[in-house]
Amino acid sequence: MSDTLENPVINLELLIDEEKNKIVFVEAGKDFVDILFSFLTLPMGTIVRLIEMHQKSQSPGIGCFNNIYASVVSMSIKHFRTEACKQMLLYPGSLNHEKCQNLKMMIDDSEPIKCFMCPMFVRSGQCGKRYSNFNTSRCSCGNLMDEVLQFQGDGSGAGVGNSDGHASFIITDDLKVEVTSVGLTLTVLKDIGYTDCNKLVERIHDFNFQEVATLLECLFTSDTPLTDTFLNKKSSYGMKRIHKMLSPAFREDREESKADKIVTLNAYVRKKEGNILFVECGDDFVDLLFTFLAIPLESVWGIASNGTILGCIGNLCRSFKELSVVDSGREAKCVLPHYYKCQKQLLDVVTTHKPPTYYSYVSFSVDHFREYSLSENSDKPVVYEWDKLVPVISMDPKCEGDSNTTDESTTPSGGFMKRGKKFMVTDDLIITPSNSTSTIELLKEKQIRLDAVEVQVIIIRKEEAIRLLEASLVTFSALSTSLLAMEPASTSVPQSRLFKKPKIET
Ligand SMILES: [Zn+2]
């Protein structure tokens with residue numbers, strides 16, 4: 001098969017056990033390994049979107065993440081503070097985006113983070129000296145900020161891993177990645193239980209774009225993702241999902257948390273079964289859940305407790321760390337673009353980067369101006385006395401028409417949702433605006449008697465937020481599992497997730 005730009009392929013060597021119809025391991029170069037590792041850098045919302053876009057059959061999805069994403073999709077724009085708020089959740093921005101630009105096959109079709117300014121910026125004195133990362137933001141002069149800031153010398157991608165470009169790797173069916181050596185080959189075979197190679201055959205395989213999507217999907221549905229992808233086996237859905245229960249922290253020992261570090265909600269609990277039917281909450285809890293979509297998979301995994309197992313993701317994360325030069329521990333900070341900053345970020349490992357200040361070079365001698373990306377320094381030579389560099393700072397796209405010019409990075413920012421609204425969140429994290437109709441519908445659907453439900457007030461602090469993130473990834477009953485410490489019998493895929501009505505194509 002030819003290796004063209006339109007249809008790139010990557011040659012892989014598959015070692016197959018023909019008797020069991022199973023991949024023993026794949027030998028591949030850096031191109032393939034970089035694609036595999038790039039999955040870890042994708043925000044959760046992007047992974048959900050990509051899998052749903054490419055999947056051929058209904059898959060159980062990624063814990064409760066599909067429901068969080070679907071809630072953003074179906075939530076009316078009127079509940080969000082600005083149009084940009086919905087946009088940044090549907091297409092999460094990532095600071096890792098540039099690193100993935102040199103991949104031979106790129107499944108992530110997200111746009112890089114761009115900067116936009118008001119087209120009247122130079123001519124009008126009324127414009128705030130700000131840029132936005134969304135072209136739906138409005139300038140203080142009233143105009144839409146939709147002029148793209150062009151930067152000089154945009155850097156090229158640095159590559160996901162730091163692995164040697166010429167090295168060859170062995171990737172086992174459970175996604176352990178190591179640099180090939182004779183010793184390793186023998187160890188891997190022996191570890192799997194082979195005493196000879198009689199039943200093993202080697203096959204050259206052209207890895208193509210469609211298989212990138214299949215592989216990404218199999219990461220969340222299979223314990224044998226390579227076999228399922230390359231030998232076209234149907235995903236088993238019997239993937240290992242183990243959620244380690246953390247013993248609840250001693251509340252008495254904990255310091256009294258400040259109001260900006262807690263979220264309070266009313267949980268409607270089934271008395272007999274002891275599980276949460278739904279919670280009624282404010283915008284702060286919805287902001288917390290929606291932020292989950294912006295967190296990259298590797299950070300979600302890093303935040304989750306050590307006993308958690310979800311298919312082969314743990315193996316892939318471990319290999320990524322071992323093969324990377326930069327050592328980032330399991331507790332690594334997760335840095336999101338600045339506009340994800342919310343007033344109550346209960347997960348303190350999730351931080352936001354400081355948005356750069358750009359300098360617009362304004363020449364008054366010519367009726368023409370250019371912007372330079374001098375990010376946070378202004379040593380561009382001033383050519384004429386009447387030319388000047390105007391610092392342009394970022395604006396929070398979550399607050400529209402805000403004309404104050406204080407540095408956004410130092411002031412607390414609001415969340416994605418309009419203030420003062422109530423929302424309803426089901427155990428599997430379907431989020432809807434709260435109203436009596438939806439409550440009655442839910443009680444009817446689940447056939448629940450009114451006297452079988454009681455209200456509990458639940459306070460969410462950092463620990464609960466961590467457990468909630470983890471349970472969202474591994475279980476299909478995130479609220480009961482994380483907030484009531486219920487044994488997640490539901491780590492197995494509920495029937496309802498497998499036999500959903502097929503989506504109507506539009
Ligand atoms: Zn303006």
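A search of the whole structure finds 14 salt bridges, a salt bridge being a side-chain nitrogen of Lys or Arg within 4 Å of a carboxyl oxygen of Asp or Glu. The model is predicted: local features need pLDDT of at least 70, side-chain atom pairs count only at pLDDT 80 or more, and totals for chains, interfaces and linings use all residues. Residues are numbered from 1 along each chain as its sequence is written, and side-chain values use heavy atoms, with hydrogens and water left out. The points below cover salt bridges, a zinc site, paired strands and a surface patch.

- Side chains of opposite charge can pair when their charged atoms come close.
- Asp108 forms a salt bridge with Arg49, and the closest N and O atoms are 4.0 Å apart. This pair links distant parts of the chain, with Asp108 in the loop between H4 and E3 and Arg49 in helix H2 (residues 44–54), 59 residues apart. Helices (H or I, at least four residues) and strands (E, at least two) are DSSP runs, numbered from the N terminus.
- Both Asp108 and Arg49 are buried, where buried means under 20% relative accessible area, exposed over 50%, and partly exposed in between (1.4 Å probe, protein chains only).
- Asp283 forms a salt bridge with Arg419, with 3.4 Å between the closest N and O atoms. Here too the pair links distant parts of the chain: Asp283 is in helix H8 (residues 283–291), and Arg419 is in the loop between strand E17 (388–394) and strand E18 (423–426), 136 residues apart.
- Asp283 counts as buried because its relative accessible area is 10%.
- Arg449 and Asp451 meet through their side chains in a salt bridge (2.9 Å, N to O). Arg449 is exposed, with a relative accessible area of 58%, while Asp451 is partly exposed at 45% relative accessibility.

**Zinc site**

- The zinc ion has as protein donors Cys118 (SG), Cys127 (SG), Cys139 (SG) and Cys141 (SG), which lie 2.2 to 2.3 Å from it. Donors are N, O and S atoms within 2.8 Å of the metal (3.2 Å for Na, K and Ca); water is not among the atoms, so sites may look incomplete.
- The site of the zinc ion is tetrahedral, with angles of 105 to 112° among its 4 donor atoms. Four donors count as tetrahedral if all angles lie between 85 and 135 degrees. The ideal angle for four tetrahedral donors is 109.5 degrees.
- The donor residues of the zinc ion follow the sequence spacing C-x8-C-x11-C-x1-C.
- Cys127 is buried, with a relative accessible area of 6%, whereas Cys141 is partly exposed at 23%.

- Strand E1 (residues 10–17) is mostly covered, with 6 of its 8 residues buried.
- E1 pairs with strand E8 (residues 200–207) in the antiparallel sense over 8 bridges; two strands pair if DSSP finds at least two bridges between them. Leu14 stands opposite Arg203 in E8.
- E1 also runs antiparallel to strand E2 (residues 22–28), to which 5 bridges join it. Asp17 stands opposite Lys22 in E2.
- E1 and E2 form a hairpin with 4 residues between them, and Asn21 in the turn has a positive phi of about 50°.

- E2 and E6 run antiparallel and are joined by 4 bridges. Phe25 stands opposite Thr172 in E6.
- In a regular strand the side chains alternate between the two faces of the sheet.
- In strand E6 (residues 169–172), Phe169 and Ile171 point one way, Ile170 and Thr172 point the other way, and all are buried.
- E6 pairs with strand E7 (residues 177–179) in the antiparallel sense over 3 bridges, and Ile171 stands opposite Val177 in E7.
- E6 and E7 form a hairpin with 4 residues between them, and Leu175 in the turn has a positive phi of about 65°.

**Surface patch**

- Leu95, Ile113 and Val335 make a nonpolar surface patch of about 210 Å². Patches are made of residues with over 30% relative accessible area and no salt bridge; like charges are joined within 9 Å, and nonpolar side chains (Val, Leu, Ile, Met, Phe, Trp, Tyr) within 5 Å. Accessible areas come from the Shrake-Rupley method with a 1.4 Å probe, and for residues only the protein chains shown count as cover.
- Ile113 lies in the loop between helix H4 (83–90) and strand E3 (116–117). Ile113 is partly exposed, with a relative accessible area of 34%.

Conventions:
Four donors count as tetrahedral if all angles lie between 85 and 135 degrees; four count as square planar and six as octahedral if opposite donors are over 155 degrees apart and all others between 65 and 115; anything else is irregular.
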